[in-house]
Amino acid sequence: MTQQLQDEFDSSVENAEAWMKAIQERLRINDNTKGPRSALEARLRETEKIRALEPEGSLKMDLILVKADAALHSIGEDKKHEVLSKLKDIKALWEETAIYITHCHSRIEWVWLQWSEYLKVQDEFYTWIHNMRVTLEPDIELQLGLKEKQWQLHHAQVLLNDVLNHSGLLERLLEEADSLCSRIGDPSVDEDVQKKMRMEYEGIRDEAKRRVELLEKITKEHERYSTNVNRFQSWLSDVIERFNCCCTGETTKSSAEDKLKALKEIAKNVRSGGKKWKHLENQCAEVIQNTSPLGAERMKDELEELRKALEKLSLLTSEEEERLLKIQQLQSAYESQARQLEANIQELRKNLQRLENDLDPGEEEKTEDEFVTLWRKCNATRTALAAEEPKVERLKTQLKELLRFPQDMHLHTESVVSAIQQYQSVRGKISKMSTDTESQLRRLFQNPLQHFEQWKPTVQMLLATPEPDLAHIEAALAESSQFKEKLMTLQLKKDLLNDVFGEEKAKSFLQEVAEASKEREILHKSLLQSKSKLQNLISQHKDFDAGFAPLQKKLSAIKAKLDLEKEPRPDLLGKKTQLQRLQMIQDELTELVIQMEEVEKLVQSNTAHRHEMNQFSSDLQALRRSLEIMIQQSEDQVQKHWVYNDKLSDLQQWITVTMEKIESCQSAEGEQNTEGRAADLERWLADFPDKEIHLHLVEAHGQLVMENSSPEETAHVQKELDQLRESWRTLKGMATGLLKKWQFNRPVADKKLALVDNRWMSGPAFHHLDVDPNHKQEKTGEGQNARSRSKLIRDFEEWLQGENSKLTEILAMTSSSTEEIKAHQNELEKLQSRVPGGQHLFEDLLHLHPVIGNSEELEDLRYRWMLYKSKLKESMSSLSPGSLEKPDRFKKQGAAFGLVTGGAGCSEDPVKSLRTLPRLLGSHPPPARLGQSGASAITI
């Protein structure tokens, strides 16, 4: 078995070696690029076939590897080296054969592709040679004009550039031909073929250059002619424009002379233009030889038009010269009179300017003497200006005489008008300056009086100051001396004042000056006295002991006054008086602080005095804090007492009015107005729940007042509260009796009245009244299930708690604009719209009242519901525009009641808050700012 595997391996190696040598022999035969294109193509096909056999060689190598692997596993170690050696040799031979296949095919294929690309480019080159030869063979065509000749030249230059650009292609073709010739040795790419290709290209290039040079010569010749024609036309247009300028515009004597000179120059230019035209005619004949017949005809017509225009210009120039000579003669007479008019105008303007310059006030500030000088000068100038008026009239006469001439009188008219306007302007300026100067003089004369009137209140305030500054006193004395000098100067200018003001006004003015002098003397004496007092005071403050002793004495007096005010007062008037006295003590303490600061300035360098002042300052600050606490407590007591009186008075008045109305209903006989009295009774009974809450609030405020009052005032308040409770019980009895009487006399009562009866009797003050027996029976049948009744109460409590939370959130928001207030009102209206539904739920609970009993839970729920409705009602009214402007005292009062309806310090249970109101208000001083919820509780 081992020998067989080795034989198979040797056999596969021999077969592969023979196959590889045969392939190499075929490659050697075909590995040649010389010869014609057909032979090269045959070799390329043969190498492609050999390359297709390469996978077969790979299979043979794979077979050898398999056989070698099998043999190596079966033979001994001494023969493995021989197998491996053969395997290595065959692998090397296969690699050599594979590389030879690739290289041989690549060389032949590359030469084939290079030759094919060369032939393709060569065909394109010969095609281009043929096309260019066809384009350049025809003769040059004659063109119509310069533009066409330029286009023709441009086309020829494009062709030449194309020819020159193909030189690079030619060089690459020749290089490729040399390369192919060295590889294939074919006659189609030898040197003769290359020389022929180069000669054909150079012939095309020379012909293109010759054509471009000829066309450039023709085009430049036509361009020179066209440029000369344009220059001649421009020259002719310029001459015509100059001629037109001479013919237009106003013709005066001086302008006529200028125009004659210009016309002579124009005539000279026209004569030289004839020579230029002759030169153009000769040049045109040369250009026509290289121009088409139609273009030549156009050039001749153009020259003929230029000739006619030149002749017409020459004729018009002669005619214009004759016209200007006639105009010159008319100008002389006109100019003589015009010069005289201008001389008179200049003389008038010179005089006016002199008068105006003399009155120049200047920009700098003037003194009183300068204003007087200027005022007198204005009066003198006004007289001199009146003498110039006849000259103005003479100018008008001369202007009328010049109007007989045909010349334009616009400038002379403007000069005369301007001179007249200058005269009027100077006259107006002199008048205004005189008036202004007179006004300035009056103001200067009146300024000392005005300044004195402004200074006088300042000095009076300074003298009224308890401790004025010495520097201010001395400054006021200096100003007083200045005013004295100014007022005396005015009294010495009587004559000047008469001229400026007039005799009557000057007399009145001098009287005012005399009165001001007297007032100044009085103030000056007072200032001197104040200065003397201040100097004495300063000398006194230098002695510290003399200044410190009064401070200690005054502090002891204030402490004694404060100790007297610690006892409680018997009534509201006494409390207000006590508060006023405390505030007066506070003012005294403030004044003492100021005096202490003045004394402190004297002890900056004295350590002993500084220690005394520090101790005094500490005592003063302690007394000040104690006083502030007492003032705060007194303000709180006055506020609480005032609120109690206000609420007590409101409730007493309501009870009295309601009693009178009920008595009137009881005394009324007959049934004529039963419906009206029922409506009145319904309205009165509807107020009872709210007023009962009001009663509890009054009692709570009474407790607060009694806590901070004297025994006499406490007894008095307790007596008022007892009387109020007795009045309430009397009113309640009257209302109960009237209600029972009406129900007994009218078995079928009005539905509204029955509903009010039911609601009123279910209130906190009337829960002992029975409901209708039939209604009681009906509700008892519906409420047999105790668990269902408890659920109704819980549902209503949850609903009420949610509504109250929403209301509290709305009231907690700050309203800084009208839009925010409207938004809060909308939210409150939504809550109000849900009140009827809540009322129905609550009435269902009240119908179950006989079965449920007078439980504490139902009583608390009833109080919460009434408080919520009242709170919502007052909250809506508190957001109205009028409610935003309440006085501060009502804000403080309202903040104190915020505890009832969810303000600061309020418990979650409104009933418990109401019961503990006296204790809460006593331990929590009212805030200084009105809360949203507190505002709603004030009106309850």
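## Packing, confidence and exposure

Trainee: Are α8 and α11 roughly parallel or roughly antiparallel to each other?
Mentor: In this predicted model, helix α8 (residues 293–358) and helix α11 (residues 410–464) pack at about 15°, with axes 10 Å apart. Axes are lines fitted to C-alpha atoms, for helices over the stretch in contact, and angles run from 0 to 180 degrees between N-to-C directions. Under 35 degrees counts as roughly parallel, over 145 as roughly antiparallel, 65 to 115 as roughly perpendicular and the rest as oblique. So α8 and α11 are roughly parallel.

Trainee: How many nonpolar residues are in the contact of α8 with α11?
Mentor: Contact means heavy atoms within 4.5 Å. The residues in contact include Leu-341, Ile-345 and Arg-349 of α8 and Val-416, Ala-419 and Tyr-423 of α11. Ala, Val, Leu, Ile, Met, Phe, Trp, Tyr, Cys and Pro count as nonpolar, Asp, Glu, Lys and Arg as charged, and the others, Gly among them, as polar. Besides five polar and four charged, the nonpolar count is ten.

Trainee: Which element has the highest mean pLDDT?
Mentor: pLDDT is the predictor's confidence in each residue, from 0 to 100. The chain mean is 75, and 80% of residues reach 70 or more. Among the elements, helix α31 (residues 932–938) has the lowest mean, 30, while the highest, 87, belongs to helix α6 (residues 191–247).

Trainee: How many contacts beyond near neighbours in sequence does the stretch 747–785 have?
Mentor: Its pLDDT is below 50. Where pLDDT is low, the predicted coordinates should not be read in detail. Beyond near neighbours, the model's contact count for residues 747–785 is 57.

Trainee: Are α3 and α4 roughly parallel or roughly antiparallel?
Mentor: The axes of helix α3 (residues 54–74) and helix α4 (residues 77–136) come within 11 Å and cross at roughly 170°. Therefore α3 and α4 are roughly antiparallel.

Trainee: How many charged residues are in the contact of α3 with α4?
Mentor: Met-61 and Leu-65 of α3 and Leu-87 and Trp-94 of α4 are among the residues in contact. Twelve are nonpolar and two polar, and the charged count is three.

Trainee: Is the crossing of α4 and α6 left-handed or right-handed?
Mentor: Their axes come within 11 Å and cross at roughly 30°. A crossing is left-handed if the near helix is turned anticlockwise from the far one by less than a right angle, and right-handed if clockwise. The crossing of α4 and α6 is left-handed.

Trainee: Is Lys-456 buried or exposed?
Mentor: Lys-456 lies in helix α11 and touches Glu-519 and Leu-523, leaving out residues up to four places away in sequence. Buried means under 20% relative accessible area, exposed over 50%, partly exposed in between (1.4 Å probe, protein chains only). At 16%, Lys-456 is buried.

Trainee: What is the relative accessible area of Pro-550?
Mentor: Pro-550 sits in helix α15 (residues 544–564). Its C-alpha atom is 9.8 Å from that of Gln-595, 45 residues away along the chain. Pro-550 is partly exposed, because its relative accessible area is 46%.

Trainee: Is Lys-566 buried or exposed?
Mentor: Lys-566 lies in the loop between α15 and α16 (572–600). Gln-578 is twelve residues away in sequence and 9.4 Å away, C-alpha to C-alpha. With 53% relative accessibility, Lys-566 counts as exposed.

Note on methods. Residues numbered from 1 in each chain as written. Predicted model: local features only at pLDDT ≥ 70, side-chain atom pairs only at ≥ 80, totals over all residues. Heavy atoms only, no water. Helix = DSSP H or I, 4+ residues; strand = E, 2+ residues; numbered from the N terminus.
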